[in-house]
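Let's take a walk through a protein structure together. Keep the viewer open as you read.

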2 protein chains.
Amino acid sequence: MGRVVELTELILRDAHQSLLATRMAMEDMIPACEDLDNAGYWSLECWGGATFDSCIRFLNEDPWERLRQFRKLLPKTKLQMLLRGQNLLGYRHYEDGVVERFVEKAAKNGMDVFRVFDALNDLRNLKTAVAAVKKTGKHAQGTICYTVSPVHTIDAFVDMAQHLKEMGADSICLKDMAALLKPQAAYDIVSGIKKKCGADTLVHIHAHATTGVTLVSLMKGIEAGCDIVDVALSALSLGSGHNPTEALIEMLEGTGYETRVNKDLVVKANSHFTKIRPRYKEFLSDFTGVDTEIFKSQIPGGMISNMESQLKGQGAGDRLQEVLLEVPNVRKDSGYPPLVTPSSQIVGTQAVFNVLMGKYKAMSGEFADLMLGYYGSTLGEKEPDVLAKAEAQAKKKPITCRPADLLKPEWEVLQADAAKLENFNGSDEDVLTFAMFPQVAPKFFKSRPQGPLNLGKDPAQQVAAPAPAAKPEAAAKGGAPKAPVTYVVSLNGKEHKVTVAAAE
Amino acid sequence: MGRVVELTELILRDAHQSLLATRMAMEDMIPACEDLDNAGYWSLECWGGATFDSCIRFLNEDPWERLRQFRKLLPKTKLQMLLRGQNLLGYRHYEDGVVERFVEKAAKNGMDVFRVFDALNDLRNLKTAVAAVKKTGKHAQGTICYTVSPVHTIDAFVDMAQHLKEMGADSICLKDMAALLKPQAAYDIVSGIKKKCGADTLVHIHAHATTGVTLVSLMKGIEAGCDIVDVALSALSLGSGHNPTEALIEMLEGTGYETRVNKDLVVKANSHFTKIRPRYKEFLSDFTGVDTEIFKSQIPGGMISNMESQLKGQGAGDRLQEVLLEVPNVRKDSGYPPLVTPSSQIVGTQAVFNVLMGKYKAMSGEFADLMLGYYGSTLGEKEPDVLAKAEAQAKKKPITCRPADLLKPEWEVLQADAAKLENFNGSDEDVLTFAMFPQVAPKFFKSRPQGPLNLGKDPAQQVAAPAPAAKPEAAAKGGAPKAPVTYVVSLNGKEHKVTVAAAE
């Protein structure tokens, strides 16, 4: 028998996040759980920022209760989550005590594998979370956000893996959120990690399918020694989602590599989601093909639609091409951050500002913070001129320390604020929900007793009555839920607040 | 620089055949021709049985005129067609004189590369066509229909390639119409051909994308030395179509292989078809994902929908699973024919008969002919019992000669019959059109003066008025146009005519 390649199934989290705007109700996942649990996956990813957000924002479902249910329904398989390092599942840096508390509670409620990443690949933003996971005895997966730039060499990624290992990571994830990972790069990075960090270093690849090449990248990664790959049942795969589980299994026949996943159970679980999928038609991503323009612009698809809607809002819908050409400049000036939430929005918005108002004539507060190190450090150097402008406009000094080092202990404050909310249940879990989504949590706590919603609809209902009540959801179709962002724009020394609504 | 991998672009033929039911009007292809011609493809596939059929059946367009237009619009690039060997573009065996005349006329009207195949891989059904192509000085591509069975070993495919080369084929095509070709098999077959037939033997892979694994198979085929691969612009790719051109190009970066195709021109041509695609929404295949169940049943998707509609017609829509299990038995009994038109329909219909009426209690005339050698020979042995039943029920002797050897010269008869038709223009091309589509050609000749139709519709029109006139077309959505087939069923010695309508 050949070498075993392990699989992580994404159907319970990233698959429907990428293709159904994270709207799948728990009730529609439950019937497949037994088959998924018995199929022989290395892990089942089932929790993360967008699912948490969607639970309380759209589904009136307690995300902690969802996790406990998964734990009961999936007793044999490791549960996996995606954690934004020091940001946890929220949109700002949290003080270490909050990070530690969150990890402890997630572990206690059933989480096994914590995939910890930072949008800027700043390892200092990972270390508290990784240490906290280690303390619980669970699996800490250190993550490299894959991106393409002159400074992101194979060696740089391999070095990062080595640092993650030194930090205590139990495995290394190469995370390709924009489907930029080409076959040769996958081969070279995995080979490099195995060589530098030891052949027994567990390497896990997460890749989206958007550009159409990444199943080949998984194959080359496997040939280079990759141990685990992420896949999604074919019913919710491809497009801006992931490579299909079934195709990955079949592709390996005769190659000397094999999975230990039971094909029949996979087919059975998939037929369930094949039936469920049409119920979420209104949230279904229109994009089912491939988009290789991403290789040229390096701008993820979701980011382009964001920028388009910002431009339209300013009556400048015709200037998208200029903005697309400006993004690589802004990215270079800011030290080549990977483009992933929140850096993708920050860079994209600044590119829009540069085109509409002149180069760095106006700067968003977030972009200034990015330049000045308040999100962490970037692999590339910052452009000194732009850095100086950021300092002048934001009237803030650049920092080189870990951003969270500037934060004071905040648990008690959060606890006290949460306690004032109607229907707060007194648990640390509720405090954490409030900490991460302070705008949404109060409303959620209030409506929680009414129980979970299922936004899926029978196809008949969809045709018969395009219910007006469904409109707000439909408007938010096509991506993970994102919090509206208010930008503080410094224009010639004066500050302006600009709120950019979630363009999803 | 690395080794050059050449590309054949399918957007003008198989891409829209597979995804838009072959309905694309010439007028919608013309604007992309200049870019396609300049892009640097090895060839542009633009003609074949289904496009010919669709032209005269649905588009009121002379397929010969389409070919001449392509020749004018694409002066720099080789034009390529798919030819069903002794069947030409029709549904029966033609006498050698007709085959020769067809090839001569196709070459004269502008065709450069003839991909010649036979559904049973019976080389005797290819030899007249290959010799005719050689006579014109054009490129004769000998084709292996890829399939999976106990007798279809790597060695068997490699031997077939050697025979094709001895027959005079200028290149060898490995044709994977059902997306069954897995990466390791692709590697092994291409390596085997290069080893046995010589490293300078041009090997060309044609693969559909249906199962989701074949881009990886193209990669492994290229690593084994494959010279040319078939791709389709992303706007009409994937699903039951093909792997996207853009993804193939990008996938090779850094691998030591490269194409000579200009990415910018590809993107430009693709943006044209991205705009055109929504106009054909009513013909667009619903299937955009992957289907790996084909590996288990070895039944192409189109064949399943055919069988489903036959079963429903008999009020036995609930018995599909039994039929799916019966297909491999029928295939084994008949010597493991590849499942491609017409063998897929013949085997599928017999499986339906076996389930509904008992095992070989009734036999279609076509299935009896297949058993008795009237379509050619199969690689596997026939089951003697079933062969005896076929002989008894069809009251015909089995043959071992080349089926076309039984045919008398027929050109003059065809010519005389065509001459009787209204608006026959006196050309050999019109005789050939009539020869291949005797039911459709008379009507087409009559309506030809009214000029080509464009069945594409503006999205606004589609929503505003689902025109009743469009209904017959919509009913035929979802596949290549197929002629209705009348089966002569022998049931307990009595013959019954059963007409199976085109279930497309």
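Leaving aside its neighbours within four places in sequence, which residues is A:Lys105 in contact with? Keep in mind that this is a predicted model. Find A:Lys105 in helix H5 of chain A, which covers residues 96–108. Setting those sequence neighbours aside, A:Lys105 touches A:Asp428, A:Glu429 and A:Leu432. Now look for A:Trp64: A:Lys105 is 41 residues away from A:Trp64 in sequence, yet the two C-alpha atoms are 9.2 Å apart in space.

Is A:Lys105 buried, exposed or something in between? It counts as partly exposed, because 18 other C-beta atoms lie within 10 Å, while being buried takes 20 or more.

Next, head for the inside. In soluble globular proteins, nonpolar side chains tend to be buried together. Here, the largest nonpolar core has 307 residues. The ones with the most contacts inside that core are A:Phe114, A:Ala129 and A:Val229, along with B:Phe114, B:Ala129 and B:Val229. Zoom in on A:Val229: apart from neighbours within four places in sequence, A:Val229 is in contact with A:Val5, A:Leu7, A:Ile205, A:Leu218, A:Ile222 and A:Leu248.

Finally, check out where the two chains meet. Chain A and chain B each put 28 residues into the contact. On the chain B side, the elements giving two or more residues are helices H8 (183–197), H9 (214–223), H10 (245–251) and H12 (293–297). H10(B) supplies the largest share of that side, with four residues. Sort the chain B side by type and you get 13 nonpolar, 10 polar and five charged residues.

Note on methods
Residues are numbered from 1 along each chain as its sequence is written. Chains are lettered from A and ligands numbered from 1 in the order in which they are written. This is a predicted model: local features need pLDDT of at least 70, side-chain atom pairs count only at pLDDT 80 or more; totals for chains, interfaces and linings use all residues. Two residues are in contact if their C-beta atoms, placed from the backbone, lie within 7 Å. Ala, Val, Leu, Ile, Met, Phe, Trp, Tyr, Cys and Pro count as nonpolar, Asp, Glu, Lys and Arg as charged, and the others, Gly among them, as polar. A residue is buried if 20 or more other C-beta atoms lie within 10 Å of its own, exposed if 12 or fewer, and partly exposed in between; C-beta atoms are placed from the backbone. A nonpolar core is a set of buried Ala, Val, Leu, Ile, Met, Phe, Trp, Tyr and Cys residues joined through C-beta atoms within 7 Å.
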